[in-house]
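Please consult the sequence and the structure while reading.

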Amino acid sequence: MNKNKLVFSGVQPTGNLHLGNYLGALKNFVALQKEMECIYCVVDLHAITVFQKPEELKSNLLETVAGFIAAGLNPDKSIIFNQSSVSGHAELAWILNCVSRIGWLNRMTQFKDKAGSDKEKASVGLYIYPNLMAADILLYKATHVPVGADQKQHLELSRDIAQKFNNDFKCKDFFPLPEPLIPKNVSRIMSLRDGTKKMSKSEESDYSRINLKDSADDISKKIKKAKSDSDQIPDNLKALEKKPEALNLITIYSEISKISLEKVLNEMSGKEYSFLKNKLAEHLISEITPVGKEVKKLLADKSHLLQVLKKGKEKASIIAEENLKNIREKVGLI
Ligand code: TYM
């Protein structure tokens, strides 16, 4: 276990965890807990930057914790807790709101996407969301942050904020500059209906994503209906440049079957996409449905999940309080 490295990451409790979360983040979370100290947070304060029905938020929170454990996170190894239970996240976010610059936030593409055409109506929280994300990471002085590619820009902002804090308060190296850990091939799993959009919880059609809780039947149907290509499978990646849906299916297949992209193309070139789809559905069913079943089983015992959160909160609070004490001192707060 490397004591100089600390991993932090977060997932919003805004509904079904899907294959994008699983391949882009959760699998990495699980692999990292073997080598480093890890803190994994269900970021409920981030979720409420867009209105959430209170009852749904609570059940989504427990479902996300269940998803963490079902995917392989071990609450005895990793710290698992929800963000709002450690008030230091909100406190540090305020301090960092005063360090971060409006010009930096104006460049955030995710705000532009999420706020849509009427920015005046977006919550202030949604706008300063990346500062809260920096607070999550810096509160623990995390050094490594496993995320999908969509979070890269937010991570760069977190590094800028850490650097500015260190400069402003003349405390070189006080905050480490957190490094993103982004998976190579599956950093951006795309929608099954539109290969130019990322797979997401918020896309209306459930056919656009594979949810961890999907049944074998759901998975087969979704893969069968997934957009692909009327040509046969080519023998090289270049030929897939303008075929994002086909590339997405092949990438998912390569990742889940652990066969390199080149080898997949070698073996499948000249075949119809239905051939790939059958194999992909089989692999997905054998990897994803056990996770979904475990999620359902875990949800049957909510007191266990609440206990995991309580224990996680206690451990996280110790680190957060110690760091906050030093942060307050640096800023000059008594
Ligand atoms: P969230 O909840 O949208 O997503 C959770 C994780 O899943 C990854 N992900 C994907 N990866 C590949 N392909 C996709 N289609 C896909 N969709 C989602 C995300 O990149 C993320 O790693 N702002 C963050 C949560 C957060 C956070 C943090 C992360 C809050 N504070 C501090 C790291 C550190 C978010 O909304 O993730």
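The text below treats the ligand shell, then the cavities, then a pocket.

The model is predicted, so to speak of local features a pLDDT of at least 70 is needed, side-chain atom pairs count only at pLDDT 80 or more, and totals for chains, interfaces and linings use all residues. Residues are numbered from 1 along each chain as its sequence is written, and side-chain values use heavy atoms, with hydrogens and water left out.

**Ligand shell**

The ligand is surrounded by 28 residues, with Y129, D136, G148, D150 and I189 the closest; a residue is near a molecule if one of its heavy atoms lies within 4 Å of it. By class, this shell comprises 12 nonpolar, 11 polar and five charged residues. Here Ala, Val, Leu, Ile, Met, Phe, Trp, Tyr, Cys and Pro count as nonpolar, Asp, Glu, Lys and Arg as charged, and the others, Gly among them, as polar. At least two shell residues come from each of β1 (2–11), α1 (19–32) and α7 (124–139); helices (H or I, at least four residues) and strands (E, at least two) are DSSP runs numbered from the N terminus.

| Protein atom | Ligand atom | Distance |
|---|---|---|
| Q12, polar side-chain atom | oxygen | 2.8 Å |
| D150, polar side-chain atom | oxygen | 2.4 Å |
| I189, backbone N or O atom | nitrogen | 2.8 Å |

Taken alone, the ligand exposes 710 Å², of which the protein buries 97%; accessible areas come from the Shrake-Rupley method with a 1.4 Å probe.

**Cavities**

Two cavities of 30 Å³ or more are present in the structure. On a 1 Å grid over the protein atoms alone, a cavity is a set of points where a 1.4 Å probe fits but cannot get out, and lining residues have an atom within 4 Å of a point. A volume is the space filled by probe spheres set on the points, which are joined across faces, edges and corners.

The largest cavity holds about 60 Å³ of space. Its lining consists of M108, Q110, F111, K114, L126, Y127, Y129, P130 and H154. Two or more of these residues come from each of α6 (109–115) and α7, and α7 gives the most, with four. Six lining residues are nonpolar, two polar and one charged.

The second largest cavity holds about 50 Å³ and is lined by N16, L17, E63, G67, L212, K213 and V295. Domain 1 (2–187 + 302–331) and domain 2 (206–297) each give at least three residues to this lining; the domain bounds come from an automatic or database domain assignment.

**Second largest pocket**

A pocket is an open set of grid points with protein on both sides within 12 Å along at least five of seven lines. The second largest pocket holds about 220 Å³ of space. Of its 13 lining residues, L45, A93, G125, I128 and L132 lie nearest its centre. α7 supplies the largest share of this lining, five residues. By class the lining has eight nonpolar, five polar and no charged residues.

Methods:
A polar contact is a pair of N or O atoms within 3.5 Å; within protein, one must be able to donate a hydrogen and the other to accept it, and residues adjacent in sequence count only if both atoms are side-chain atoms.
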